[in-house]
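Open the model in your viewer and colour it by confidence. The stops below follow the chain and then turn to the ligands.

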Amino acid sequence: MGSNGHQAHQSGLIATMAEMEQWNAPGHVQTPDSLQKDLDQGLRFAHVMMSITQHDAREGLVFARSLAELLVSKGLIDQQELEEMMSCIGRQLDELPTPKVRLAKSEDKYAGEHTVLINCAERLPLCKAKCCTFSFYLTEQDLDEGIVRWDYRRPYWIRRRADGYCTHCDPLTHRCGIHAHRPYVCRAYDCRQDKRVWLDFERMIPNSEG
Ligand code: SF4
Ligand code: SF4
């Protein structure tokens with residue numbers, strides 16, 4: 001595939017990402033139809049990314065092998081030295097960190113013992129649900145339920161909107177739209193000592209920075 005094929009993949013990727021941005025728009029509401037559409041677009045995104053990666057890998061391989069063959073045939077490098085160098089570089093590459101799919105382990109989120117009770121309704125006008133701007137990843141239990149949305153570009157982190165809030169946080173009231181099914185971490189989180197949220201929890205003085 002030449003550069004035209006590569007450009008087609010890139011423009012397909014840009015179009016898909018533009019559509020995906022809509023998921024993060026404030027007020028985006030999930031319905032069974034839009035869920036199916038999200039899934040289709042997520043798969044399309046994955047396939048386009050895979051095609052780009054395959055294309056780039058093939059181009060790199062063709063270039064490297066052509067260069068090596070040419071240098072060996074001209075007597076400029078030795079075949080054995082080349083193989084030793086390839087194994088050395090291969091080992092170095094194996095040690096590089098690679099992006100990983102993140103999935104949290106937790107006990108049953110509905111078990112209840114871990115749930116922290118805080119008078120959120122009373123505090124929301126002050127804290128503006130700052131806890132719902134924090135990033136975290138989901139559990140197998142969340143994925144099995146298929147209710148909590150995850151970020152297709154960063155599996156399986158909670159999906160957040162462009163304004164930084166979790167996609168389930170109502171943009172106006174800051175209430176959780178999936179309260180009964182919210183993830184484990186939302187139930188167990190305790191903001192009382194978290195200085196990102198409260199300068200003084202007891203006196204209800206929020207940290208308005210950030
Ligand atoms: S920051 Fe604290 S008080 Fe505010 S919504 Fe979150 S848990 Fe409740
Ligand atoms: S799931 Fe609900 S409680 Fe948890 S971060 Fe999102 S809006 Fe907040």
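Helices (H or I, at least four residues) and strands (E, at least two) are DSSP runs numbered from the N terminus. Where pLDDT is low, the predicted coordinates should not be read in detail. Over the protein the mean pLDDT is 84, and 83% of residues reach 70 or more.

This is a predicted model, in which local features need pLDDT of at least 70 and side-chain atom pairs count only at pLDDT 80 or more, while totals for chains, interfaces and linings use all residues. Residues are numbered from 1 along each chain as its sequence is written, and chains are lettered from A and ligands numbered from 1 in the order in which they are written.

**The whole chain**

Show the cartoon. The protein has six helices and two strands, in the order α-α-α-α-α-α-β-β from the N terminus. Of its 210 residues, 12% are buried. A residue is buried if 20 or more other C-beta atoms lie within 10 Å of its own, exposed if 12 or fewer, and partly exposed in between, with C-beta atoms placed from the backbone. Among contacts with a separation of 6 or more, 63% are between residues 24 or more positions apart. Two residues are in contact if their C-beta atoms, placed from the backbone, lie within 7 Å.

Select residues 32–73, helix α2. Its 42 residues reach 61 Å from first C-alpha to last, close to the 62 Å expected at 1.5 Å a residue. The expected span of a helix is 1.5 Å times one less than its number of residues. Helix α2 is hardly covered, with one buried residue among the 42. G75 follows α2 and has a positive phi, near 75°.

Next select residues 79–94, helix α3. This helix has 16 residues and reaches 23 Å between its first and last C-alpha, close to the expected 22 Å. The number of buried residues in α3 is zero, so the helix lies largely in the open.

The selection is I118, C120, R123, L124, C127, A129, K130, C131, C191 and V197. By class, this shell has eight nonpolar, no polar and two charged residues. Ala, Val, Leu, Ile, Met, Phe, Trp, Tyr, Cys and Pro count as nonpolar, Asp, Glu, Lys and Arg as charged, and the others, Gly among them, as polar.

Move to ligand 2, which is surrounded by C132, C166, H168, C169, C176, I178, R182, P183 and C186. That shell divides into seven nonpolar, one polar and one charged.

**The nonpolar core**

Which residues form the largest nonpolar core? Select C127, C131, C132, L138, V148, I158, Y165, C166, C169, C191, V197 and W198, 12 residues in total. A nonpolar core is a set of buried Ala, Val, Leu, Ile, Met, Phe, Trp, Tyr and Cys residues joined through C-beta atoms within 7 Å. Centre on Y165: leaving out residues up to four places away in sequence, Y165 touches C132, T133 and R160.

**Backbone details in the loops**

Most residues other than glycine have a negative phi, and most peptide bonds are trans. Select K128, in the loop between α4 (120–127) and α5: its phi is positive, near 50°. K128 counts as partly exposed, with 16 C-beta neighbours inside 10 Å.

In the loop between α5 (140–145) and α6 (184–188), stop at Y156. The peptide bond joining P155 and Y156 is cis, with omega about -5°. H174 lies in the loop between α5 and α6 too, with a positive phi near 65°.

From H174, draw a distance to A121: the residues are 53 apart in sequence and 9.6 Å apart in space, C-alpha to C-alpha. A121 is in helix α4 and is exposed, with 9 other C-beta atoms within 10 Å.

Finish at R187 in helix α6.

Notes
Near = placed C-beta within 6 Å. pLDDT = per-residue confidence, 0-100.
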